[in-house]
Amino acid sequence: MKFDVLKITPEMAEKMLGKNIINRSLSDRTTTTYAQIMQEGNWSLTHQGVAFYEDGTLADGQHRLLGI
């Protein structure tokens with residue numbers, strides 16, 4: 001397992017979302033909530049990140065990336 005802590009820009013998020021092919025259905029409410037929390041500066045670093053499978057496909061984090 002490999003991990004990095006990055007500040008993800010909107011451009012980076014868009015590129016990462018291009019690898020989103022097998023995630024669950026999107027929730028506009030969740031995305032909007034995450035965006036608001038980030039804009040208010042209330043986002044904090046936790047164990048929950050953005051994850052990719054070995055082939056580069058997005059595994060987890062679509063709502064966080066869309067919030068960005």
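These notebook entries record what I looked up in this predicted model.

**Entry 1. Ground rules**

I worked on a predicted model, in which local features need pLDDT of at least 70 and side-chain atom pairs count only at pLDDT 80 or more, while totals for chains, interfaces and linings use all residues. I numbered residues from 1 along each chain as its sequence is written, and side-chain values use heavy atoms, with hydrogens and water left out.

**Entry 2. The chain as a whole**

I began with the secondary structure and found three helices and two strands. Helices (H or I, at least four residues) and strands (E, at least two) are DSSP runs, numbered from the N terminus. Read from the N terminus, the order of elements is α-α-β-β-α. The chain has a radius of gyration of 12 Å, close to the 11 Å that the globule rule gives for 68 residues, so it is as compact as a globular protein of that length. The radius is taken over C-alpha atoms, and the rule is 2.2 Å times the number of residues to the power 0.38. I noted that the C-alpha trace spans about 35 × 25 × 20 Å along its principal axes.

I then looked up burial, where buried means under 20% relative accessible area, exposed over 50%, and partly exposed in between (1.4 Å probe, protein chains only). Of the 68 residues, 18% are buried. For contacts (heavy atoms within 4.5 Å), I took those with a separation of 6 or more; residues 24 or more positions apart account for 67% of them.

Helix H3 covers residues 62-67 and holds histidine 63. Is histidine 63 buried or exposed? I find it buried, with a relative accessible area of 5%. Its side chain reaches the backbone nitrogen of serine 27 at 2.8 Å. Not counting residues up to four places away in sequence, histidine 63 touches Arg24, Ser25, Leu26, Ser27, Thr30, Thr31 and Tyr34.

Arginine 64 also belongs to helix H3. I list arginine 64 as buried because its relative accessible area is 13%. Which side chain does the side chain of arginine 64 join in a polar contact of 3.4 Å? The partner is aspartate 60. A polar contact is a pair of N or O atoms within 3.5 Å; within protein, one must be able to donate a hydrogen and the other to accept it, and residues adjacent in sequence count only if both atoms are side-chain atoms. With residues up to four places away set aside, arginine 64 touches Tyr34, Met38, Trp43, Gln48, Gly49 and Val50. I also recorded 8.6 Å between the C-alpha atoms of arginine 64 and threonine 30, which are 34 residues apart along the chain.

**Entry 3. The loop between S1 and S2**

Threonine 57 lies in the loop between S1 and strand S2 (58-60). I count threonine 57 as buried because its relative accessibility is 9%. Beyond its neighbours within four places in sequence, threonine 57 is in contact with Lys19, Ile21, Ile22, Ala51 and Phe52.

Tyrosine 53 is found in the loop between S1 and S2.

Valine 5 lies in the segment before H1 and counts as exposed at 61% relative accessibility. Its C-alpha atom is separated by 26 Å from that of aspartate 28, 23 residues apart along the chain.

I placed histidine 47 in the loop between helix H2 (28-39) and S1. At 79% relative accessibility, histidine 47 counts as exposed. The C-alpha atoms of histidine 47 and methionine 1, 46 residues apart along the chain, are separated by 14 Å.

**Entry 4. The largest pocket**

I last looked up the pockets. On a 1 Å grid over the protein atoms alone, a pocket is an open set of points where a 1.4 Å probe fits, with protein on both sides within 12 Å along at least five of seven lines; lining residues have an atom within 4 Å of a point. The largest pocket has a volume of about 1200 Å³, the volume being the space filled by probe spheres set on the points, which are joined across faces, edges and corners. How many residues line the largest pocket? I found 28, of which Asp4, Leu6, Ile8, Gly49 and Val50 lie nearest its centre. Helix H1 (10-17), strand S1 (51-52) and H3 each supply at least two residues of the lining.
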